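My notes follow in the order I took them.

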Amino acid sequence: MCCDLKRRFLLLYATQKGQAKAIAEEIWRQAGAHGLEADMHCISEMDKYNLETEEDPVVIVISTTGTGDPPDTARKLVKKIQDTTLPPDHFAHLQYGLLGLGDSEYTFFCNGGKTVDRRLQELGAQHFYNTGLADDSVGLELVVDPWIDGLWLALEEAFLLQKKKEGMSSDAVSSSLYAAPQVGHELNSSSEVQNLKLEEERERCSDVLTQKLVDIHLVPSTRDTEPSLVHSVPPVSQSALNIPALPPEYIEVQFQDTHGENPRLSSLISEGTTFEVPVTKAVQLTREDAIKTALLLELDIADTVFDYQPGDAFCVICPNNVNEVEELLHILGLSEKGEYFVCVKVKQGTKKKGAAYPQHIPERSTLKFILTWCLEIRAIPKKAFLRALVECTSDAGEKRRLQELCSRQGASDYTRFIRDSNVCLLDLLQAFPSCKPSLNLLIEHLPKLQARSYSVSSSNLYQPGKLWFVFNIVEFPACPTRRISQKGVCTGWLAELVAPLLHPNKNTLDTKGGSSSSKKISIFARPKNTFHLPADPSVPFMMVGPGTGISPFIGFLQHRQKLREEHTDWEFGETWLFFGCRHQDRDYLFKQLRCFLENGTLTHLKVCFSRDSSTAEVAPPKYVQDVIRLYSKEVARVLLKERGYFYVCGDKKHMADGVSDAVVDILSMETEADKLEAMKILAMLREAKRYLQDVWS
């Protein structure tokens with residue numbers, strides 16, 4: 001590569017929870033070792049770059065949020081480039097490569113990145129490097145690492161082509177741009193990943209540190225023949241390791257006094273107005289011997305301006321488990337400092353590009369407040385965090401194992417023992433007792449503690465001033481990487497909070513009565529929801545909601561019942577509900593659904609029970625997707641002839657995908673079309689917002 005070539009490229013990231021930013025920072029770090037200058041900015045900082053006049057290559061790392069939206073930080077740019085008055089050659093000068101982040105557990109996989117990519121193409125921009133789509137459900141690194149590996153050669157060729165266009169020809173210029181080998185012009189986490197590794201290029205100019213073998217691990221103990229979180233076996237234990245460069249520290253923490261007050265929780269939220277509301281009712285909807293425990297909570301919002309529609313979602317601000325916070329303080333040797341206020345600053349002279357004060361850390365609060373309300377201490381540690389923890393570990397064997405877990409050679413061990421096992425920082429510190437990280441390292445690497453989202457299970461028209469929501473208490477059983485069982489961060493906290501209010505087995509929809517409570521929680525609205533009833537009440541709709549997926553449909557039915565009472569002259573379309581659970585007598589969450597059926601609010605109720613035995617000659621269907629297939633003509637009629645709506649709520653992998661497969665089969669059968677054509681029909685229904693999902697993984 002000629003030494004006088006221009007070596008700058010623009011690096012933009014759009015992040016919601018920090019992952020895209022972390023990946024962009026890794027690209028920025030590696031760029032220096034390749035003799036390149038990465039001009040890195042958040043995509044929202046539009047005063048610091050200008051795509052309309054940008055002549056150098058552009059690299060974009062962008063995540064996806066919600067049900068397929070670009071991150072909040074990208075909204076301004078997306079709005080700008082979606083201007084329909086822009087000419088088709090608006091970005092004809094632009095050469096770019098894009099890395100999208102997403103989760104295939106959700107319908108609109110990587111849609112944030114796809115939206116930007118598609119629009120840039122429509123406006124004439126050209127790829128200098130093909131698009132990568134990384135899947136968080138199997139591990140972002142499966143695509144991210146090889147995509148970054150291939151980026152440097154692609155940039156090299158882009159710079160050479162740029163010079164050729166400027167009249168500085170070179171024999172080294174190839175006749176076409178470098179494109180990473182892939183299928184369908186998108187890099188996905190399948191076998192083509194291996195084709196992208198570019199071993200020769202990586203050998204030549206890799207910036208990773210090669211870590212030589214630690215003698216203590218050359219020969220595994222005869223009793224340790226299986227790998228685990230703390231132990232490796234050949235070939236990993238006998239490999240030289242390629243580990244990431246050490247992330248530069250950029251935060252410093254100073255302890256102050258114990259005088260003062262912690263900030264209000266509302267100050268931690270930038271997404272909208274926060275409301276502190278009392279919990280007025282709590283009901284356990286499942287029997288004690290049910291596999292999962294489902295709770296219904298009622299909130300009093302009468303004294304607030306909080307408003308909602310049936311089908312909306314809202315967020316609950318929740319703390320980390322108090323025992324886990326205390327344990328973390330103990331391991332860090334900071335138990336005596338928990339009530340001390342701390343001052344957090346950006347370290348002067350840090351080598352971290354774009355180092356900034358973390359907005360989720362208050363300017364003045366106690367250490368315990370930060371660990372309780374600000375940092376996601378249950379987060380699965382990224383490899384960069386593991387790399388930083390290596391430097392805080394004194395035992396040679398433990399240090400080596402942490403190096404393995406963040407190395408390329410230990411990628412499968414990382415996936416198996418950290419990612420898939422949901423290992424968190426506390427688990428690591430208990431497994432590697434000689435690891436003693438500093439407080440600043442935790443603030444640098446632990447993400448913001450996110451509020452948890454829940455579907456509304458009521459109608460403000462039916463019961464003004466009240467809000468219901470339903471959830472299962474999430475359980476994480478003890479395992480080799482987790483000494484004791486745990487409950488979900490938010491569901492465990494809520495269950496403990498409302499324990500005095502609980503009335504086990506009072507499975508009721510009655511809104512009267514219940515115990516008053518002084519317990520309050522902080523909530524805020526979740527914007528941009530389309531999971532709503534049809535605007536025209538005469539339009540028919542079908543609802544599929546097994547388990548707690550029934551939650552928003554209770555609000556739908558309450559709302560519809562009230563409309564029927566108030567507008568007797570209106571025409572109302574038919575309503576279908578498909579519900580399923582394990583056992584009819586243990587976890588049939590709302591048996592009072594029959595009331596909606598009897599008063600005509602609900603036209604058809606179809607239920608199934610997957611674990612109940614049957615003496616019938618023909619076994620009844622076990623799952624909602626099986627029940628739906630029994631009503632194929634009705635499904636096709638509602639969707640195609642009557643232009644009705646179809647709603648699905650609940651678990652994606654084990655239910656929603658099965659339901660969409662069933663609908664595709666029904667559309668194929670009833671229209672006598674092939675499966676591909678039926679899939680196109682379903683895609684059009686999604687696009688028209690007539691096939692709607694509210695799902696989780």
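**Helix 1 against helix 4**

I began with helix 1 (residues 19-33) and helix 4 (residues 141-165), whose axes come within 11 Å and cross at roughly 35°. The axes are lines fitted to C-alpha atoms, for helices over the stretch in contact, and angles run from 0 to 180 degrees between N-to-C directions. Helices (DSSP H or I runs, at least four residues) and strands (E, at least two) are numbered from the N terminus. The crossing of helix 1 and helix 4 is right-handed; that is, the near helix is turned clockwise from the far one by less than a right angle. I then listed the contact residues: I23, E26, I27, Q30 and A31 on helix 1, and V144, W147, I148, L151 and W152 on helix 4. Contact here means heavy atoms within 4.5 Å. By class, I get eight nonpolar residues, one polar and one charged. Ala, Val, Leu, Ile, Met, Phe, Trp, Tyr, Cys and Pro count as nonpolar, Asp, Glu, Lys and Arg as charged, and the others, Gly among them, as polar.

**Ground rules**

I note that this is a predicted model, where local features need pLDDT of at least 70, side-chain atom pairs count only at pLDDT 80 or more, and totals for chains, interfaces and linings use all residues. Residues are numbered from 1 along each chain as its sequence is written, and side-chain values use heavy atoms, with hydrogens and water left out.

**Whole chain**

I count 20 helices and 26 strands in the protein chain. Of its 697 residues, 53% count as buried. Buried means under 20% relative accessible area, exposed over 50%, and partly exposed in between (1.4 Å probe, protein chains only). I also looked at sequence separation. Among contacts in the protein chain with a separation of 6 or more, 79% come from residues 24 or more positions apart.

**Salt bridges**

How many salt bridges does the count come to? I get 33, taking a salt bridge as a side-chain nitrogen of Lys or Arg within 4 Å of a carboxyl oxygen of Asp or Glu.

I looked at R8 and D56 first. Their side chains meet in a salt bridge at 2.8 Å, N to O. R8 is in strand 1 (residues 8-14), D56 is in the loop between strand 2 (37-42) and strand 3 (58-62), and the two are 48 residues apart. R8 and D56 are both buried. I also find R8, D39, E54 and D56 linked in a network of salt bridges.

Next came R364 and D257, with a salt bridge at 3.1 Å, N to O. R364 sits in the loop between strand 14 (341-346) and strand 15 (365-366), and D257 in the loop between strand 10 (251-255) and strand 11 (275-284). The pair is 107 residues apart. R364 is partly exposed at 34% relative accessible area, and D257 is partly exposed at 33%.

My last pair was E565 and K562, with closest N and O atoms 3.9 Å apart. Both lie in helix 15 (residues 551-566), three residues apart, about one turn of the helix. An α-helix has 3.6 residues a turn, so residues three or four places apart point the same way. E565 is partly exposed at 46%, as is K562 at 24%.

**Q162**

I went back to helix 4, where Q162 is placed. Is Q162 buried or exposed? Q162 is buried, at 11% relative accessible area. Leaving out residues up to four places away in sequence, Q162 touches E55, D56 and P57.

**Helix 8**

I checked helix 8 (residues 367-374). Six of its eight residues are buried, so helix 8 is largely enclosed by the rest of the structure. Those buried are L367, F369, I370, L371, T372 and C374. They pack against strand 10, helix 7 (322-331), strand 14, strand 15 and helix 13 (439-445).

**Cysteines**

I searched for disulfides, meaning pairs of cysteine sulfur atoms within 2.5 Å. The count is zero. I looked up burial for C343, which is buried at 14%, and for C374, buried at 1%. C424 is buried too, at 2%. I place C424 in the loop between helix 11 (411-419) and helix 12 (425-431). Apart from residues up to four places away in sequence, C424 touches I377, R378, A379 and P381. C424 and I377 are 47 residues apart in sequence, yet 6.9 Å apart in space, C-alpha to C-alpha.
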